[in-house]
Amino acid sequence: NVCEWCWDWYGEYPSETQKNPSGPDSGFLRTARGGSWISCEKYCTTEFRNLYNPKDKLSHLGFRVARSK
C-alpha cells in the first residue's frame with residue numbers, strides 16, 4: 001500500500017467547507033493523500049495529506065492511473 005500522488009499543489013485550503021478542493025494554482029510541493037505501509041493507523045485515511053517534492057522517488061509513494069472519456 002502506498003500514499004497516492006495528487007495533481008494538486010500543496011497549500012492551505014479556504015476556511016469554508018468544500019467538496020474535493022484542488023489547492024492553489026501553482027507551488028513547489030505536490031500533495032500526497034492517504035497512508036502507506038510505512039504509516040501509522042491515523043494517517044491511513046483519504047483525509048490525510050502530506051507534501052513532497054515532485055522529484056521525490058520514495059518506496060511509499062505511488063499513483064493511480066485514471067482516464068476520462
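1. Strand β2 and strand β3 (residues 49-52) run antiparallel and are joined by four bridges. Strands here are DSSP runs of E with at least two residues, helices are runs of H or I with at least four, and both are numbered from the N terminus. Two strands count as paired if DSSP finds at least two bridges between them. Arg-30 has Tyr-52 as its bridge partner in β3.

2. This is a predicted model, in which local features need pLDDT of at least 70 and side-chain atom pairs count only at pLDDT 80 or more, while totals for chains, interfaces and linings use all residues. Residues are numbered from 1 along each chain as its sequence is written, and side-chain values use heavy atoms, with hydrogens and water left out.

3. Strand β2 (residues 30-33) also pairs with strand β1 (residues 3-9); three bridges join them, and the two run antiparallel. Trp-9 stands opposite Arg-30 of β2.

4. The protein has four strands and zero helices. Along the sequence the pattern reads β-β-β-β.

5. How many disulfides does the structure hold? The count is zero, where a disulfide is a pair of cysteine sulfur atoms within 2.5 Å. Cys-3 is in no disulfide, and the nearest cysteine sulfur, in Cys-44, is 7.8 Å away.

6. Cys-6 is buried at a relative accessible area of 19%. Of the 69 residues in the protein, 25% are buried.

7. The C-alpha trace spans about 30 × 30 × 25 Å along its principal axes. Among contacts (heavy atoms within 4.5 Å) with a separation of 6 or more, 49% are between residues 24 or more positions apart.

8. The protein exposes about 5,900 Å², of which carbon and sulfur atoms supply 52%; areas come from the Shrake-Rupley method with a 1.4 Å probe, and for residues only the protein chains shown count as cover.

9. There are 10 positive and 8 negative side chains, and the centres of the two sets lie 9 Å apart. Lys and Arg count as positive and Asp and Glu as negative, with His and the chain ends not counted. Each charge is placed at NZ of Lys, CZ of Arg, CG of Asp or CD of Glu.

Key: Buried means under 20% relative accessible area, exposed over 50%, partly exposed in between (1.4 Å probe, protein chains only).
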